[in-house]
Amino acid sequence: MSLLSVQFIYRYWAVFDVEKLQFFKGRFALIWVLYCAFFGFQYSLSTYFFFTLDEVSTEYFLEEVLIRYHRNIQEFPATAMVAYDPVDGSVRWWNIMGILNLLTVVNTQYAVMIYCGWSMHMQMEDKIKNFSGMLRRHHRQFFKTLVLQITTPTVILFIPITLIIILPFFNLNVSIPSGVLLCSFTLYPAMDSICVMYAVSEYKRTAIRICRTIQKVWKEVQRKKLVRQYQKVSRLPPGPVSLPLIGNLPQIVYYLYTTGGVVSTLDFFRKRYGNIFTLWVGPIPHVSIADYETSHEVFVKNANKYADKFHSPIFREMRKDIGILTANGDHWQEMRRFALFTFRNMGVGKDLMETRIMEELNARCADIDKAAVNGVTTTQAAEFFDLTVGSIINSILVGKRFEEHNKNDFLKIKEVMDASFETFSPFDMTMPVWILKNFFPRRFEKMRNGQESSKQFAAKEALKRIDEIKAGRYVIDENNFQDYTDAFLWKMQKDGENEDYNVESLKTMILDLWITGQETTTTTLISGFNQLLLHSKFMEKARAELFEITENGSRNVSLSDRPKTPYLNAVIGEIQRHASILNVNFWRWNNEPTYMGGHMVDSGALVTAQLSALHVNETVFEHPEKFDPERFIRDEKLLQKVIPFGLGKRSCLGESLARSELYLIFGNLLLRYKFQPHGELSTREIMPYSAGKRPFKLEMQFIEV
Ligand code: HEM
């Protein structure tokens with residue numbers, strides 16, 4: 001403030017008494033500095049002496065500061081003004097003197113400025129009328145600048161400060177929003193320069209020139225981008241008109257809103273632009289293929305080209321390219337090869353695995369039978385299938401089954417994983433990591449911790465085994481691995497720990513296989529029973545077929561029965577087509593320009609076989625919205641066009657296991673029980689806006705046949 005009042009004095013003399021300014025030449029210019037320093041010191045010393053924290057003010061602010069800022073006021077340097085003693089109401093003169101001193105400093109400056117300013121306002125025009133035109137303009141502009149320069153801080157700085165100082169006098173119980181005040185204080189330096197640029201025409205012209213140059217450069221960049229984007233777009237498969245930088249986001253958001261979900265939006269674009277279409281998500285073109293032939297041509301015939309998946313920045317940061325689900329390159333290849341090899345050795349798709357699946361199913365059915373009242377058990381489908389499928393995958397991975405007595409272990413793993421996945425929103429998946437880390441640090445930490453604890457929970461048994469091996473209480477039988485963990489640890493023992501085989505990648509692999517193997521199969525089973533309950537005639541026909549081939553249910557249905565059950569196969573095919581559990585399939589990088597369905601797709605684009613859009617393509621599946629297993633009886637070849645497990649190098653690793661589970665669970669449950677809904681059935685899509693679907697809430701009754 002004293003700096004501003006110096007400027008007022010200077011201007012005043014420049015107009016009315018230029019002679020006086022001569023006095024301040026050379027070392028006498030220091031007088032201006034001394035003037036400012038004098039008031040500055042007075043202000044600082046009075047703050048230091050009068051506003052030091054004492055017992056009363058500490059006590060007074062302790063709770064308030066703790067509640068508002070979560071800090072203890074005694075732990076950082078602070079000054080405080082408390083006008084009255086909160087206990088006995090006596091005036092705290094020491095603080096009052098400080099306040100009076102501040103007011104004196106401020107008001108002295110205002111007095112000087114008001115006197116100089118008012119005199120100039122009244123008499124300046126008369127005084128400068130004989131000056132040259134340019135000088136007159138300069139004087140006017142400098143005066144205007146000074147008025148603006150003092151008005152701005154008065155409004156955004158001094159009035160709020162005065163309020164803070166004055167209010168304690170009146171012992172008013174008001175809460176001042178300190179965040180807003182701090183913002184307005186910090187605006188001051190910027191406002192000061194803007195005032196000068198606004199009032200002084202030379203500065204104003206320069207500022208406008210700089211802005212115009214920036215605008216020109218920006219336009220040029222946009223024009224080049226637009227041209228490049230146009231060139232790219234004209235070669236890519238068709239799609240809606242895209243804008244620079246944001247691409248088709250406005251259209252995507254609009255159609256998500258108007259059509260009610262991701263699948264209907266993709267279906268809308270497919271109908272409008274054909275079976276292969278491009279959507280620009282931000283600056284990256286995403287090519288969706290929604291017919292079987294082109295998908296096959298791209299992802300099977302040219303499989304090697306499409307092995308690399310696109311992973312969102314946050315997953316790249318957290319997963320460090322380890323595991324299988326969110327990894328690429330040599331490590332991914334090795335992990336996939338090893339997992340397939342191990343699953344095969346453990347009998348996936350063969351008798352050995354059938355025995356494991358049936359053991360789990362029998363155990364669950366025993367629980368159902370035990371709970372039956374007059375042959376009827378009512379249960380949540382999610383609980384039944386979660387436990388069955390979770391137990392299968394857990395026993396394959398770490399050799400531990402879930403039963404009634406340790407059901408809570410399973411529920412805990414699932415709860416931790418669900419919570420972890422629910423923290424990831426589409427926003428987190430698209431934002432660069434530095435933005436999340438710097439602007440949303442708590443959210444970022446929550447997501448990271450969620451991932452870590454999911455990994456820790458899923459791999460708990462494997463970590464225990466490592467300790468047991470070290471303590472000599474467990475020895476791996478290399479001729480008879482009990483589970484995936486045995487096989488992995490054996491590889492680590494044999495070859496030594498290396499960048500592919502180490503404890504961290506074992507933990508990540510267990511988590512990845514858990515995630516991919518559990519929710520997918522459960523969602524399909526629940527969605528399937530929901531449809532069968534809605535269309536019981538198909539359930540009855542499938543059951544009749546099963547009775548016929550098992551001599552009236554005198555034995556279990558086995559995987560070897562598959563060729564003899566075309567109706568059940570058709571029912572499962574239709575369940576998978578209809579459930580189509582991924583709304584959006586994983587994206588792959590297109591690493592070199594390639595023709596797809598007659599269109600050239602540039603390198604750098606993302607491509608996928610859009611399974612959900614493919615499964616509702618009416619040119620392939622007539623009335624796709626209808627649940628109609630008999631479409632596959634009428635046309636046997638149509639079943640090939642249902643591809644719920646994807647295609648090519650990154651297709652589902654657990655396809656064989658999942659197919660066995662679906663066949664044995666649907667087949668044997670239909671053979672053992674009749675089913676009825678308990679409560680309302682749903683036809684509504686769950687989470688239509690997310691990348692994957694979630695299981696229905698389905699309560700049903702198991703009725704002994
Ligand atoms: C009905 C059940 C299942 C369905 C519908 C399903 C579907 C899928 C789909 C669509 C993909 C992505 C394919 C692509 O990118 O084009 C996938 C990937 C994967 N699935 Fe499954 N899946 C199921 C069960 C399982 C099971 C039981 C496992 C076994 C543990 C499993 C393990 C995986 C893995 C590891 C991947 C990633 C493969 C990679 O990136 O290389 N899935 N699954």
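**A loop residue to begin with**

Modeller: Glu551 is found in the loop between helix 23 (536–549) and helix 24 (566–579). Please keep in mind throughout that this is a predicted model.

Colleague: What is phi of Glu551 near?

Modeller: Phi of Glu551 is near 45°, which is a positive value in a residue other than glycine.

Colleague: And is Glu551 buried or exposed?

Modeller: Glu551 counts as exposed, because its relative accessibility is 52% and the cut-off for exposed is over 50%.

Colleague: Which loop holds Asp321, and what is its phi near?

Modeller: Asp321 sits in the loop between helix 12 (313–319) and helix 13, and its phi, near 60°, is again a positive value in a residue other than glycine. With 40% relative accessibility, Asp321 counts as partly exposed.

Colleague: Let's move on to the ligand. Which residues come nearest to it?

Modeller: There are 29 residues around the ligand, and those that come nearest are Lys309, Trp332, Arg336, Arg588 and Cys652.

Colleague: How far from the ligand's oxygen atoms are the polar side-chain atoms of Lys309 and Arg336?

Modeller: For Lys309, a polar side-chain atom lies 2.9 Å from an oxygen atom of the ligand, and for Arg336 the distance from a polar side-chain atom to an oxygen atom of the ligand is 2.8 Å.

Colleague: What about Thr516, which atoms are involved there?

Modeller: In Thr516 a backbone N or O atom is involved, and it lies 3.4 Å from a nitrogen atom of the ligand.

Colleague: Which helices supply at least two residues of the shell, and which one gives the most?

Modeller: Helix 13 (329–345), helix 22 (503–534) and helix 27 (655–672) each supply at least two residues of the shell around the ligand, and helix 22 gives the most, with 6 residues.

Colleague: How does the shell divide by class?

Modeller: The shell around the ligand is made up of 15 nonpolar, 10 polar and 4 charged residues.

Colleague: Changing topic, which residues are buried in helix 20?

Modeller: In helix 20, which runs over residues 460–470, the buried residues are Glu461, Ala462, Arg465 and Ile466. These four lie on the same side of helix 20, because they cover an arc of only 150° around the axis.

Colleague: What covers them?

Modeller: Among the elements that cover the buried residues of helix 20 are helix 15 (381–398), helix 21 (484–495) and helix 22. Helix 22 is also the helix that gives the most residues to the shell around the ligand.

Colleague: And what follows helix 20?

Modeller: Helix 20 is followed by Gly472, a residue whose phi is positive, near 80°.

Colleague: I also want to ask about Gly98. Where is it, and is it buried or exposed?

Modeller: Gly98 is placed in helix 5, which spans residues 93–128, and it is buried, with a relative accessible area of 0%.

Colleague: Which residues is Gly98 in contact with, leaving aside its neighbours in sequence?

Modeller: Once neighbours within four places in sequence are left aside, Gly98 is in contact with Ser46, Phe50 and Phe51. The C-alpha atoms of Gly98 and Ser46 are separated by 5.7 Å, although the two residues are 52 residues apart along the chain.

Note on methods
Residues are numbered from 1 along each chain as its sequence is written. This is a predicted model: local features need pLDDT of at least 70, side-chain atom pairs count only at pLDDT 80 or more; totals for chains, interfaces and linings use all residues. Side-chain values use heavy atoms; hydrogens and water are left out. A residue is near a molecule or strand if one of its heavy atoms lies within 4 Å of it. A polar contact is a pair of N or O atoms within 3.5 Å; within protein, one must be able to donate a hydrogen and the other to accept it, and residues adjacent in sequence count only if both atoms are side-chain atoms. Ala, Val, Leu, Ile, Met, Phe, Trp, Tyr, Cys and Pro count as nonpolar, Asp, Glu, Lys and Arg as charged, and the others, Gly among them, as polar. Buried means under 20% relative accessible area, exposed over 50%, partly exposed in between (1.4 Å probe, protein chains only). The arc is that of the directions from the helix axis to the C-beta atoms. Contact means heavy atoms within 4.5 Å.
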